Protein chains: 2
Amino acid sequence: MDEGPHVRQASGSFRWEGVELLAYKEESSAPFKAITRQILFQRPELGCELRYFEMQPGGYSTLERHEHAHAVMIFRGRGTCLVGGQLSEVTAPGLVFIPPMTWHQFRATANEPFGFLCMVNAERDKPQLPSKAELRELMKDPAVAAFLDA
Amino acid sequence: MDEGPHVRQASGSFRWEGVELLAYKEESSAPFKAITRQILFQRPELGCELRYFEMQPGGYSTLERHEHAHAVMIFRGRGTCLVGGQLSEVTAPGLVFIPPMTWHQFRATANEPFGFLCMVNAERDKPQLPSKAELRELMKDPAVAAFLDA
């Protein structure tokens with residue numbers, strides 16, 4: 001019987017014992033703003049990972065797509081997500097499914113932090129950034145253009 | 001580009017749009033009490049699933065073990081978990097990792113509902129219940145015996 005320390009209590013405002021506060025991704029590898037990453041579960045026994053991303057007011061994740069899917073639960077505050085060509089206002093504890101090869105981005109509102117849990121396969125492909133042509137295509141919708149320009 | 005309805009808003013107190021409130025497991029298949037299950041994400045693209053389990057005050061999950069691991073985030077209230085021989089008080093949003101083949105059980109307190117998210121592989125083995133000898137072994141620890149008898 002394994003009697004190790006299986007429990008990580010929350011240690012304050014959206015932080016967990018023994019969980020490091022990480023950069024969202026490598027600086028200047030892609031566009032993003034004011035967003036951090038905590039890896040809540042990453043164990044070989046699981047096959048998948050659970051991460052917590054949090055943005056400061058006005059922050060946003062990278063607009064990207066990839067072959068792997070995301071299962072997202074909004075965990076703190078409210079924000080807007082783009083999934084494919086569709087914009088949605090989302091609030092905790094709402095759920096967002098991001099299908100394979102679908103452009104997506106999350107943005108915080110201007111006045112409060114915005115956090116979400118993201119479940120993902122441990123083995124996954126690298127995100128792709130949109131080409132100028134793909135970005136132009138997305139921005140044909142004025143609402144999406146306004147969201148991406150914000 | 002997929003433009004389907006990717007978002008499921010929360011529709012009240014720990015319920016989600018389009019997510020069915022299910023029995024925890026088949027009646028009389030195993031011991032448990034006052035616990036429900038909602039499947040938040042179960043998609044072939046993901047390889048893993050995210051479920052939300054909720055117990056009424058005094059409720060408990062089955063004492064069981066299996067080859068697959070669980071990644072748990074306490075989501076509502078507080079309760080006690082047994083993982084291996086170790087008892088822990090857990091409160092939202094604490095994290096619990098349940099390694100393979102490790103006896104585990106969650107119990108709500110007497111005075112409030114207790115809910116947790118559980119991430120698990122889509123392909124997994126069936127839970128095993130303890131034999132009388134295994135139960136006796138677990139109950140050699142008086143604290144564990146009191147927990148299991150509660």
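Guide: Two strands pair if DSSP finds at least two bridges between them. Strands (E, at least two residues) and helices (H or I, at least four) are DSSP runs, numbered from the N terminus. This is a predicted model, in which local features need pLDDT of at least 70, side-chain atom pairs count only at pLDDT 80 or more, and totals for chains, interfaces and linings use all residues. Residues are numbered from 1 along each chain as its sequence is written, chains are lettered from A and ligands numbered from 1 in the order in which they are written, and side-chain values use heavy atoms, with hydrogens and water left out.

Visitor: In which sense do S3(B) and S4(B) pair, and over how many bridges?

Guide: They are antiparallel, with eight bridges. Within this pairing, Phe41(B) has Leu50(B) of S4(B) as its bridge partner. The hairpin of these strands has five residues between them, and Gly47(B) there takes a positive phi near 80°.

Visitor: Which other strand is joined to S3(B)?

Guide: Strand S2 (residues 22–23) of chain B is joined to S3(B) by two bridges, also running antiparallel. Leu22(B) stands opposite Arg37(B) there.

Visitor: Changing topic, how many residues of chain B are in contact with chain A?

Guide: 49 residues of chain B are in contact (heavy atoms within 4.5 Å) with 49 residues of chain A. The buried area, meaning the accessible area (1.4 Å probe) that the two parts lose on being put together, summed over both, is about 4,000 Å², and carbon and sulfur atoms give 71% of that.

Visitor: Which elements of chain B give two or more residues to that side?

Guide: Among them are strand S3 (33–42), strand S4 (48–60) and strand S10 (114–121) of chain B.

Visitor: And how many salt bridges are there between chain B and chain A?

Guide: The count is zero, taking a salt bridge as a side-chain nitrogen of Lys or Arg within 4 Å of a carboxyl oxygen of Asp or Glu.

Visitor: What joins strand S1 of chain A to S8(B)?

Guide: Two bridges join S1 (residues 7–8) of chain A to S8(B), in the antiparallel sense. Val7(A) stands opposite Val96(B).

Visitor: Where is there a cis peptide bond in chain A?

Guide: The bond between Ala92(A) and Pro93(A) is cis, with omega about -5°. Pro93(A) lies in the loop between strand S7 (86–91) and strand S8 (95–98) of chain A. In chain B, the peptide bond from Ala92(B) to Pro93(B) is also cis, with omega near 0°.
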